Amino acid sequence: MKYEKLFTPMKIGNVEIKNRIVMAPMCMGFGQYNGCATETMMNYYEERAKGGVGLIFTEITRINDITGASSYGQLGMSHDYQIPALKEMADRIHKHGCKVMVELHHPGRQNLGLMMGTVPICIAGEKLMGNAYTKLLTGVVIPPGKKLQDKDIVPRVVAPSKCEKSKMSNSVNRALSHKGVKKLIAQFIEGAVRVKKAGCDGVELHASHGYLIQQFLSPNTNKRTDEYGGSLENRMRFLAEIIDGIRKNCGKDFPIVVRLTVDEMYDRIGKPNKGYGLDEGLKMAKILSDRGIDAIDVSSAAYDTFNYWLEPTTYQCGWRKNLAEEVKKVVDIPVIAANLIRSPQQAEEQLCAGIQDFVALGRPLIADPHWANKVYSGNEDKISRCVCCLYCFESMMENAYKYSHGHCSVNPFVGRENVKLNKNGNGRRVVIVGAGPAGLMCANILCDRGFDVTVIEKESTVGGQLNLADKPPHKEKMAWVCTDLYAKAKDKNIEFMFDTVADKALLDSLKPYAVVNATGGNAVFPKAFQGSNVSTVTEILNGSVKLENKNVAVIGSGMTGLETSELLVSQANKVTVVEMAESIAPGAWFQGVDDAMAVLNKAGTAFLTGHRLISIRDKGIYLEAVKSGKRLNVDVDYVVLSMGVRPDNALFNAIKDSSAYKVYNIGDSNKVGRIANATEAAYQLAVSL
């Protein structure tokens, strides 16, 4: 077998896992107020079990409803009434030869003040009002609640001791009382007992990513003066007593896994003396191994150092594998680790090198639930690869306020695992114009439904706007979206016409049942700013304009502007970014902004916020302060406009009134958005056509 190690069984405790592929825990919001597993959640996990994974760790599972609920749609093990639904989910997973362990969790200071005590109210509200309660919560209560939270006029979240706010959640915290500590220990133990009663195969204790157990481990967040603070032994006591209690109540044959941050990574953000580093993390790992846990799931960082555990696309695969490798040297139990693995080759290499014993795949199994089976059957080229765009997490966080769930840019079937395509295409021809993510996704789904699909593309290759998105430094993964969709389309014998400009005459001659316009968009280039020393980001990214050792002004600080600036500074240019808003990249997800700003700040990039472009001259630009109206002259050699994208809908307008065939418009040519918006629009059309 090509990947022999990857598909060799191994035990965690007395539980044999059929292969070394583990689904890492990820909250996607498929639950409900009462913490019971829903049909959608069961379908989601069962699809990954069908896909060949050996072990599934569930999402973060609460053990406390008052201070420990992180999401309205979160799984819970805080009450006995949650056991039957979990048992049903476990049974469905077990049917496919897959094991399941539940990750027990408390957010501590990383929770939102808005969540304190609200879950019991929501459970009661839904019982009394049904769906009307959710409309009241999301439409009337939460919007002003978020404003109160921004002003700290909400209950305080809990922590081992009063400490600084956590990044992102940004909530004021209070110290747990000694009694409160003891109560939470008991609740973790009670949660594990319920997991065992539900017929699951073990538990994972979440001592990572800055959540409560890790907060006890870290001297940055644990400044207690009782037996739960101070020395390493005392800081580990909270976790140790949970482990001992689970052993006593669940028996030695019930596996306990600890997901452990072994390095808080504060040195990566310029704070080397904060928290704990790898040296102390290895001591923790050895203490846990000696205490008799059954496996250790190695991770890193916390919310304060967010990008060092949930990486943006720029991070190289395997960049933190040294953490697991060092842990392997000090423990005598199986080591599980994610290590940003994106290919079976990488997984096999790290297993064979002894870096880890199990490969944890998180986002890759959101993108493709059948990753394992495709590798096992020799069809790894059919995998839909995760491009690390972070939309799964971003959308989950955004939709948590709407009592909804996360989505995936490359897999619009997430949360729709039970959808059965209506295969009534009956060979009817559909012509799709544009081979970007919208066009390719639509082509694949329509082909699966039995339509005869032809794709027309004006360029010589697929990709659309993503042929620009992958050009900034370390953004190569972005090209995977269309590369993978194209591979699937070719396998289905979908016809492609490259280097062909579609017009009404060509479309009429093909006599289609329907035409789908997916022609994308073009960068905005106002006539008032056009000149010999001006271009849009398109020309910089496609290489038709190459600058070196120039002073360049980039107008617009959205993610496209920032990423284009990254490319420019890598080519030895000095960049000034001009933004009309008062902050850089307004509305952009913070992880991408943080990632880009680290590079740009290191390169000495200047930022001018609150200024609009007035005019461009041969050697400079004139700006105007938005608030004061004060004019500013900035000397630059060249100007790059990043002022957004305008839909390219000329073809659609030319054919939309056709009586010979149906006409649809999707993706950026309809409404400019992101990859996820394009693939979602493709899904919606393709399943309903």
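Here are a few questions and answers about the cavities and one serine of this predicted model.

User: How many cavities of 30 Å³ or more does a search of the whole structure find?
Analyst: Happy to start there. The search covers the whole structure and takes in cavities of 30 Å³ or more. The number found is 3.

User: Which element gives the largest share of the lining of the largest cavity?
Analyst: The largest cavity has a volume of about 100 Å³. Of its 14 lining residues, Cys386, Cys389, Cys392, Cys408 and Ser409 are the closest to the centre. Two elements, α12 (363-367) and α14 (391-400), each give two or more residues to this lining. The largest share, 3 residues, comes from α12.

User: How many residues in the lining of the second largest cavity are polar?
Analyst: Good one to look at by class. This cavity has a volume of about 50 Å³, and its lining includes Arg109, Gln214, Ser218 and Glu264. Its lining has 2 nonpolar and 2 charged residues, while the polar ones number 6.

User: Is Ser218 buried or exposed?
Analyst: Ser218 sits in the loop between α6 (212-217) and α7 (232-235). Its relative accessibility is 0%, and buried means under 20%, so Ser218 counts as buried.

User: With the side chain of which residue does the side chain of Ser218 make a polar contact?
Analyst: Leaving aside residues up to four places away in sequence, Ser218 touches Arg235, Glu264, Gly275 and Tyr276. Ser218 and Glu264 both line the second largest cavity. The polar contact between side chains, at 2.7 Å, joins Ser218 to Glu264.

Definitions and conventions: Residues numbered from 1 in each chain as written. Predicted model: local features only at pLDDT ≥ 70, side-chain atom pairs only at ≥ 80, totals over all residues. Heavy atoms only, no water. Helix = DSSP H or I, 4+ residues; strand = E, 2+ residues; numbered from the N terminus. Buried < 20%, exposed > 50% of the residue type's maximum accessible area, 1.4 Å probe, protein only. Polar contact = N/O pair within 3.5 Å; in protein donor to acceptor, adjacent residues only side chain to side chain. Contact = heavy atoms within 4.5 Å. 1 Å grid on protein atoms, 1.4 Å probe; cavity = no way out; pocket = protein on both sides within 12 Å on 5 of 7 lines; lining within 4 Å. Points joined across faces, edges and corners; volume = space filled by probe spheres on them. Nonpolar A, V, L, I, M, F, W, Y, C, P; charged D, E, K, R; others polar.
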